[in-house]
Amino acid sequence: MSQVGAGIGIANLPNQRHKIVAKRGANFTLMVCGESGLGKTTFINTLFTTAIKTPKTYKRRYNKTAEKTVEIEIIRAELEEKQFNVKLSVIDTPGFGDYTNNRDSWMPIVDFIDDQHESYMRQEHQPKRQELSDMRVHCCLYFIRPTGHTLKPLDIEVMKRLGTRVNLIPVVAKADTMTPTDLHKFKKRILEVIAAQNIQCYTFPLESDDEASTKRNMSIMAAMPFSIIGSTEDVQTLDGRVVKGRQYSWGVAEVENEDHCDFKKLRQLLIRTHMLDLISSTEETHYETYRHAQMETRKIGEPKVKTVTNPKWKEEEEALRKRFTEQVRLEENRFRSWEQQLIAERDRLNKDLEAEHSHIKALEAELESMQVGLSPKRK
Amino acid sequence: MAHRVGRRKNVKKGFQFTLMAVGASGLGRTTFINTLCDADVVPKRECDEPEMAHIEEGIKIKPYSVEDGVKISLTVVDTPGFGDMIDNEYCFQEILGYLERQYDDILSEESRIKRNPRFRDNRVHALLYFIAPTGHSLREIDIELMKRLSPRINVIPVIGKSDTLTPSELADFKKRIMQDIEHYNIPIYNFPYDPEEDDEETVYENSELRSLLPFALIGCEEEIVVNGRKVRARQYPWGIVEVDNSQHCDFAKLRFALLSSHLQDLKEITHDYLYENYRTEKLSRSAENLAEGDSSQEDHHMRMREEQTRKEEDKLREIELKVQRELKEKQQELVAKQQQLRDIDANLVTVQ
């Protein structure tokens, strides 16, 4: 390869690309998953410093339906900063972990993630591929309850399933519940459980071109799982500063103070440094894994084989089947009794017929005898 | 007046009280018990191997006895494992079964022909239910549990780890919880008083405690030095939360109500109202089933069998005593005969 002389301008290609990308904007889908009351909505609003999601209203909480399901809620927003647009989608999972029986409550979430990959795959196979609606989840934040002990069995089940499908980042919610020593112990235990249970969490390449970035990356990785405090209110600290934080009667817990929580590090990861890595790893690694798994068993164009493992549906199916067999049995009984009736009827008629026959025979015999009686007289 | 006299009597005679703490793990239940008793009553939870973290352990019911110098016999029942499984339907029945078993013991003891004077009353007088400090409202498991257990025990809802909530959040949360409790008709112990009968002080005291429901609790076993004093407090980078400070949490008020002012009331309600209800229900059920010969018959049989075994034991003991007596008599006879023989020998010697 020959070195080009004074330069023909190939080095300008990244700038051209930058312009194209800047014009196109980006598309980012973030999922927040966890029990209710862990500060997910507040965190989202804190992260993007705008009210993306309205806080819960309590007026209609008594109108809960009997169906104890986990819903998928999609909130869309468009953010703009310095003329760069980001189409943000936030996926919430209300109802997860809130019921007495949470078995299989992760199914709707897992199905949703798979469905996005599926829909993208199908769109790629269409003749017209320009307008692709891409809602593949780029990152899933799993909110862990700050118990101070360890991960719950429900957490482990869900995280196992999420980790293989999406970039999973575990987060310790409401970190202002724990003192620094307790928090440290809790994080260590969570990491131990994650390692022992083979849960795949999001990792990114630490090595980078410059020292500063490498160091920053390492400190971010070391803080996993991130402890967060969320707040959209401005409060005044004891030394007069006005910050985003939570005001207690014994002090102010600040959101952006690195001694209080890891919010800054998480924001760095999600937005400032690794958003692109999240997007590209979803598109390349996770989507490819899904595609690979699907293509091994299906041909192009075939619809996905849906395994309905929803237990409620199974119960309904069973109930319907029972009803059906019951009705069939009733009908069969009816037919049988009807049949018997008909047979009885037929026998009766036969008997009558026979009776008539014998009567007629008797009369014929009489007639004959009378005829016989008459004819010899005639002779 | 009578109320205050009763209280003085308590402190002098010493008292026996059983308290149960129920709530999901991580809500500060164990720490609260230790803080309440000011001692290491319940051992800290040992986190199992990380490899075993996905195994669901069921609920366990563990009573701990606290003997204090102040003539108090306090038993605290802890319920680790509540609400930790993926499917928690089974937890309610376990706790309810435990409470009813204590009632059954009392019931059978009452109807015994020969009662045991040293029988220990293990009925639980109050249940503290720990609500998670979500800041929203009651969850399904909270409502289910309180509804199912309130017919058998005094339920007092409390908020665990309440230092998660700012003062305004805490006030809103408490209000919403009480609204939920009213909406779902959950009969909790709400410091009952009669505005006409009771004196002003009692009315004031009870209505104040009622307004604090559900109690916001913080638990802490370590002591740190604050302003030169040693206090039980939690130290955060942004401040220090004191357990005994009424501005920070309701721990002090709850402890006073539970162990001093309302202890007798809780015990009375348990005995006069809850236990009587259970007794009526159970006996009327067994009266119905007597015609059909049901499991209550078996209870009856078992009781009779117990009586029989005890009678047989008594008989055996009598026989043992008789045998020993006979043995002693025979020994004495033997000794007397030996003595006679010796006399005869002596006579023989002298004659010879």
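What follows concerns the open sheet of chain A and then other parts of the model. In what order do the strands of this open sheet of six strands run?

A: This is a predicted model, in which local features need pLDDT of at least 70 and side-chain atom pairs count only at pLDDT 80 or more, while totals for chains, interfaces and linings use all residues. Residues are numbered from 1 along each chain as its sequence is written, chains are lettered from A and ligands numbered from 1 in the order in which they are written, and side-chain values use heavy atoms, without hydrogens and water.

The six strands of the open sheet follow the order S2-S3-S1-S4-S5-S6 (chain A), and their pairing is mixed. Strands (E, at least two residues) and helices (H or I, at least four) are DSSP runs numbered from the N terminus; two strands pair if DSSP finds at least two bridges between them. Strands S2 (73-81) and S6 (226-227) of chain A are at the edges with a single partner strand each, so one side of each has no neighbour in the sheet.

S1 (residues 26-33) and S4 (residues 139-144) of chain A run parallel and are joined by four bridges. A:Met31 has A:Cys140 as its bridge partner in S4(A). Helix H3 (residues 107-124) of chain A lies across S1, S2 and strand S3 (84-92), at about 165° to S1(A); angles run from 0 to 180 degrees between N-to-C directions, with axes fitted to C-alpha atoms, for helices over the stretch in contact.

A:Cys140 is also in contact (heavy atoms within 4.5 Å) with A:Ile169, whose contacts beyond four places in sequence include A:Leu141, A:Phe226 and A:Leu266. A:Leu141, A:Ile169 and A:Leu266 are among the residues that touch the most other members of the largest nonpolar core, which has 124 residues. Such a core is a set of buried Ala, Val, Leu, Ile, Met, Phe, Trp, Tyr and Cys residues joined through side-chain atoms within 4.5 Å. Buried means under 20% relative accessible area, exposed over 50%, and partly exposed in between (1.4 Å probe, protein chains only). A second, separate core of 32 residues includes A:Phe96, A:Phe112, A:Val137 and A:Leu154.

A:Met121 and A:Gln294 are 173 residues apart in sequence, with their C-alpha atoms 9.9 Å apart. A:Gln294 belongs to helix H8 (residues 275-297) of chain A and is buried, with a relative accessible area of 15%.
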